[in-house]
Amino acid sequence: MIDGRTQLVGLIGWPVEHSLSPAMHNAAFAALDLNWRYLPLPVRPRATAEVQAAVHGLLALGFRGANVTVPHKQAVMKHLDEISNTARAIGAVNTIVVQEGRLCGYNTDGDGFVAALREAHFEPAGRQALVVGAGGAARAVVHGLLSSKAEKVTVLNRTLERAQVLVSEMGGHSGRLRALLLTPETLVEAASSPEIGLLVNTTTVGMWPQVDGSIWPESKTLPASLTVFDLVYNPLETHLLQEASISGARAVDGLGMLVMQGALAFVKWTGVQAPLDVMRAACERELRR
Ligand code: NAP
């Protein structure tokens, strides 16, 4: 029941109507009998004043915090009182927590990715990885891999310049991060190196409704020694993950990361451990709908 004591969090983004987060968090609140609700908070793009009003509105309306999704993950930053080092390094905020009247920004995507990777029994420390894509999600993944001590990360992108910017902003001088133009040939060659343990798709390729798309060329077999992680979760089993399973590689879908980044935000808001199974089941139910 919603009453005068109900605590509110929500999702700032556009569009938000297809997001799985309201179902995921509200199922978690219900399972733990917490008098909290998670609301969709659509904020139009290209309206800077509205982003500021929405962020300050969290304080004015007594919200405990919010998630932030595309296209506002960068735009919210200048309206916050504090930003964590991780969110600053990634260059985006996906979680706002109201702490003693102050708006504090965090990014749980990178840690959520690493937690999902470890749940799939892949420990990134000392391993080499290929990250395909250089957008917002790639930045979180690269940060997660480097901060969990991956030995080397190669970022392959269709637009080489974007990968180069990512590398120079996120530790290009360490020698652990490099950029490469994404072509079928460069990808196959890089993935064929026996030192590569992990291939991560952070592009939108393979996402509904273009479900036949794959970053991996059809005529080639994926090395069986790879763990293949696809950030896309709609569909859950992408064409890339089907190819991975056929070749004997380990396939990891994007829902684990979605649940883990949500769980990390949940703990920051409530101080209570998140019920991961309940959250994953709620997402799967929404995806089936
Ligand atoms: P974004 O910033 O728009 O970046 C998109 C990336 O995809 C860019 O690197 C872009 O390359 C590449 N790309 C798009 N179409 C391509 C094509 N046909 N061939 C090759 N590369 C292509 O998007 P984002 O925010 O990073 O999100 C990317 C994906 O990650 C989405 O599917 C999103 O749903 C998913 N995601 C999942 C989670 C999770 O929790 N599982 C979290 C965050 C994001 P160019 O630079 O060349 O354009």
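Which residue in S9 is the bridge partner of asparagine 157? The partner is leucine 181.

## Basis of the description

This is a predicted model, in which local features need pLDDT of at least 70 and side-chain atom pairs count only at pLDDT 80 or more, while totals for chains, interfaces and linings use all residues. Residues are numbered from 1 along each chain as its sequence is written, and side-chain values use heavy atoms, with hydrogens and water left out.

## The parallel sheet

Six strands form an open sheet with parallel pairing, in the order S9-S8-S7-S10-S11-S12. Strands (E, at least two residues) and helices (H or I, at least four residues) are DSSP runs numbered from the N terminus; two strands pair if DSSP finds at least two bridges between them. The edges are formed by strand S9 (177-181) and strand S12 (250-252), each of which pairs on one side only. From one strand to the next, the twist averages 20°; axes are lines fitted to C-alpha atoms, for helices over the stretch in contact, and angles run from 0 to 180 degrees between N-to-C directions.

Strand S8 (residues 152-157) runs parallel to S9 and is joined to S9 by five bridges. Helix H7 (residues 184-191) lies across strand S7 (128-132), S8, S9 and strand S10 (196-201). The direction of H7 is at about 160° to S7.

## Packing of H1 and H10

Helix H1 (residues 21-31) and helix H10 (residues 276-288) have axes that come within 8 Å and cross at roughly 135°. The two helices are therefore oblique to each other; angles under 35 degrees count as roughly parallel, over 145 as roughly antiparallel, 65 to 115 as roughly perpendicular and the rest as oblique. The crossing of H1 with H10 is right-handed, a term used if the near helix is turned clockwise from the far one by less than a right angle, anticlockwise being left-handed.

On the H1 side, the contact (heavy atoms within 4.5 Å) comprises Ala23, Met24, His25, Ala27, Ala28 and Ala31. These residues meet Val278, Met279, Ala282, Cys283, Arg285 and Glu286 in H10. By class, the contact has nine nonpolar, one polar and two charged residues, where Ala, Val, Leu, Ile, Met, Phe, Trp, Tyr, Cys and Pro count as nonpolar, Asp, Glu, Lys and Arg as charged, and the others, Gly among them, as polar.

## Cis peptide bonds

Tryptophan 14 and proline 15 are joined by a cis peptide bond with omega of about -5°. Proline 15 is placed in the loop between strand S1 (7-13) and H1.

A cis peptide bond also joins tryptophan 208 and proline 209, with omega of about 10°. The loop that holds proline 209 runs between S10 and strand S11 (227-230).

## Loop residues

Histidine 121, in the loop between helix H4 (109-119) and S7, is a residue other than glycine with a positive phi, near 65°. Its relative accessible area is 68%, so histidine 121 is exposed; buried means under 20%, exposed over 50% and partly exposed in between (1.4 Å probe, protein chains only). Lysine 149 occupies the loop between helix H5 (136-147) and S8. Although not a glycine, lysine 149 has a positive phi of about 70°, and this residue is exposed at a relative accessible area of 60%.

Glutamate 151 lies in the loop between H5 and S8 and is partly exposed, at 44% relative accessibility. Apart from neighbours within four places in sequence, glutamate 151 contacts Pro124, Gly126, Arg127, Gln128 and Arg176. The C-alpha atoms of glutamate 151 and arginine 176 are separated by 6.3 Å, the two residues being 25 residues apart along the chain.
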